[in-house]
Amino acid sequence: MNFLDYIKNNKIVGLAPMDGYTDEPARLLQDKIAKPDVIFTEFVCAEGLSRGSEKLFDPLLYSNIEHPIVAQLFGKDPDSFYKSAVICFELGFDGVDINMGCPANKVVRHGGGASLIDTPIAFELIKVILQARQDWSEGRVNIKDIDLKKKSLLKFEKVLEYCQYKRVKQWPTVSVKTRLGIDSDISQKWIGELAKTGIDLISLHGRTLKQGYAGKANWKAIKKVSILAKKINPKIVFWGNGDIENRQMAIDYIDKYQIDGVLIGRSSVGNPWVFEEKERQIDVGEKYQALLLHAQIFANVFPKRSLEHLRSKLLAYSKNLRKAKYLRKKLVGVVNITDLENLEEDFLEADFKN
């Protein structure tokens, strides 16, 4: 079954793309503990990737066990999106997603993310990625046709080797992840127009750009526009996103709000068990072992990087623990695996809050 048929015929509970979190070590850890139905990468700057920035190939590292996996791109330049999409197709991603929902100022002020909502450039980006898919699938373009420098091509080959992708032709999905609007809910108009473009999937976060992550996600609006989108394009797949705490809640929301799937984001940070079939109390020892495994995977994937690069993710494992403040002070000073191993006793004594 190809990826598009898979997401059309199953209730999907996936890992949402999160900048600074859904990198290769976090995704590998997530797969080992409780595999989501679909995984997204961190968002990657299309402009930088298309110019061959070697460091921007690192977010595209993935392992075979992570399939199905979707690469997410952000930016605003159509030519860059075309080239970056070709790179992602060549690396074997099951889909390419356009970020039209990120509220971060560093993205929005440059015209990317949620600032694209209901703008002409948004539809131009969709058009060029759909064209890139068509050209690539019919053999009119490949990695050698997009003017990457020799050093960038070598980096691409290293990533390809890591991914162990054999360049088997497939039909990857093209999708958009977005929000209700910029400063007000214009989702009826906005999603209605997206549904006409020919994309395969829309993922809708139930807040506006102005809200960021404040307040509660508007799931009634998600339901309303899901029904609208399917009236306009019966073939489209529609997922919701926002405030989902665990897999069972996600399945309940799929039925309640008449959608095809749900993406879980922030609830999974430091808590990869959210994708387990049944919600349960996680033992503090499990938390410590997950934290340690996360660091070990990170060290294997990026052997030249200090664990300081993992700090914010390690801190997340202290959430809801009785001695969280004390543990965070300890975790801030961690620079290697031995430092983490020396924290085992402190961690196990922390226990959960009553």
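Modeller: In this predicted model, helices α2 and α11 cross in a right-handed sense. Helix α2 covers residues 24–33 and helix α11 covers residues 284–301; their axes lie 9 Å apart and form an angle of about 135°. Because angles over 145 degrees would count as roughly antiparallel and those from 65 to 115 as roughly perpendicular, α2 is oblique to α11. On the α2 side, the contact is formed by E24, P25, A26, L28, L29, K32 and I33. From α11, the residues that take part are A290, L293, H294, I297, F298 and V301. By class, the residues of this contact between α2 and α11 comprise 10 nonpolar, one polar and two charged.

Helix α2 also contains Q30. The relative accessible area of Q30 is 2%, and since buried means under 20%, Q30 is buried. Setting aside residues up to four places away in sequence, Q30 touches L15, K35, P36, S268, P272 and F275.

Helix α8 (residues 187–194) and helix α9 (residues 219–232) have axes that come within 9 Å and cross at roughly 35°. The crossing of α8 and α9 is right-handed. Here α8 contributes S187, Q188, I191 and G192, while α9 contributes K224, V225, L228, A229 and I232. The residues of the contact of α8 with α9 are divided into five nonpolar, three polar and one charged.

Helix α8 packs against α6 (residues 120–137) as well, at an angle of about 25° and with the axes 11 Å apart. Angles under 35 degrees count as roughly parallel, and α6 and α8 are therefore roughly parallel to each other. The passage of α6 across α8 is right-handed. From α6 the contact draws on A122, F123 and I126, and from α8 on W190, E193 and L194. Five nonpolar residues and one charged residue, with no polar ones, make up the contact of α6 with α8.

A loop residue may be considered next. L60 is situated in the loop between α3 (46–50) and β3 (69–74). With a relative accessibility of 0%, L60 counts as buried. Apart from neighbours within four places in sequence, L60 is in contact with V44, L49, A71, I87, C88, L91, F93, V159 and C163. The C-alpha atom of L60 is separated by 7.0 Å from that of T41, the two residues being 19 apart along the chain.

These parts belong to a protein with 15 helices and eight strands. The radius of gyration is 20 Å, close to the 20 Å given by the globule rule for 354 residues, so the protein is as compact as a globular protein of that length. Its C-alpha trace spans about 55 × 50 × 40 Å along the principal axes. Of the 354 residues in the protein, 58% are buried, Q30 and L60 among them. Among contacts with a separation of 6 or more, 74% are between residues 24 or more positions apart.

Key:
Residues numbered from 1 in each chain as written. Predicted model: local features only at pLDDT ≥ 70, side-chain atom pairs only at ≥ 80, totals over all residues. Heavy atoms only, no water. Axes fitted to C-alpha atoms, helices over the stretch in contact; angles between N-to-C directions. Helix = DSSP H or I, 4+ residues; strand = E, 2+ residues; numbered from the N terminus. Left-handed = near helix turned anticlockwise from the far one by under 90°. Contact = heavy atoms within 4.5 Å. Nonpolar A, V, L, I, M, F, W, Y, C, P; charged D, E, K, R; others polar. Buried < 20%, exposed > 50% of the residue type's maximum accessible area, 1.4 Å probe, protein only. Rg over C-alpha atoms; globule rule 2.2 N^0.38 Å.
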